[in-house]
Amino acid sequence: MKAGYTYIMSNKGRTAFYIGVTNNIERRVHEHKHHINNGFTDKYNCTDLMYFEEFWEISAAIQREKQLKNWRREWKINLIKEKNPEMIDLAVEWKYDPEAPYR
């Protein structure tokens, strides 16, 4: 089974947070940053990766996503600040290459 990721995106003002799940974090963040898919992150301009967790199985990532979506806003912010105290975009220097083989 493929690895999975649960992640949190935010806008520049850190007023909106989006929790998602994917099997390819680099591709998915690229999609959010370039507004490839319409939806919450596009509407609220959530282009900054605040937090992510990697799982051995996508089912575990999905379970974690559901858990985090039920958390209070304050708890989500505290979780982010545990690993990203400055709340910076963790993917600011990522260079996604759609032609590169999936790893």
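Reader: Before we start, what should I keep in mind about the model?

Author: The model is predicted, so local features need pLDDT of at least 70 and side-chain atom pairs count only at pLDDT 80 or more, while totals for chains, interfaces and linings use all residues. Residues are numbered from 1 along each chain as its sequence is written, and side-chain values use heavy atoms, with hydrogens and water left out.

Reader: Happy with that. How many helices and strands does the protein have?

Author: Helices (H or I, at least four residues) and strands (E, at least two) are DSSP runs, numbered from the N terminus. Here there are four helices and three strands, in the order β-β-α-α-β-α-α from the N terminus on.

Reader: And what radius of gyration does the protein have?

Author: The radius is taken over C-alpha atoms, and the globule rule is 2.2 Å times the number of residues to the power 0.38. For 103 residues a compact globule would come out near 13 Å, and the protein agrees, with 13 Å. Its C-alpha atoms fill a box of roughly 40 × 25 × 25 Å along the principal axes.

Reader: Now the side chains. How many salt bridges does the structure hold?

Author: A salt bridge is a side-chain nitrogen of Lys or Arg within 4 Å of a carboxyl oxygen of Asp or Glu. The structure holds seven. Among them is Glu31 with Arg28, whose closest N and O atoms are 2.8 Å apart. Both residues lie in helix H1 (residues 25–33), three residues apart, about one turn of the helix.

Reader: Are Glu31 and Arg28 buried or exposed?

Author: Buried means under 20% relative accessible area, exposed over 50%, and partly exposed in between (1.4 Å probe, protein chains only). Glu31 and Arg28 are both buried. Across the protein, buried residues make up 40% of the 103 residues.

Reader: Which parts does the pair of Lys33 and Asp89 tie together?

Author: Their closest N and O atoms are 2.4 Å apart. Lys33 lies in helix H1 and Asp89 in the segment after helix H4 (73–83), so the pair ties together parts 56 residues apart in sequence. Lys33 is partly exposed, at 25% relative accessible area, whereas Asp89 is buried, at 10%.

Reader: Where does Arg64 sit, and where is Glu53?

Author: Arg64 is in helix H3 (residues 58–69) and Glu53 in strand S3 (residues 48–55), eleven residues apart. Their salt bridge has its closest N and O atoms 2.9 Å apart, and both residues are buried.

Reader: Which residues are linked in a network of salt bridges?

Author: Lys12, Arg14 and Asp48 are linked in that way.
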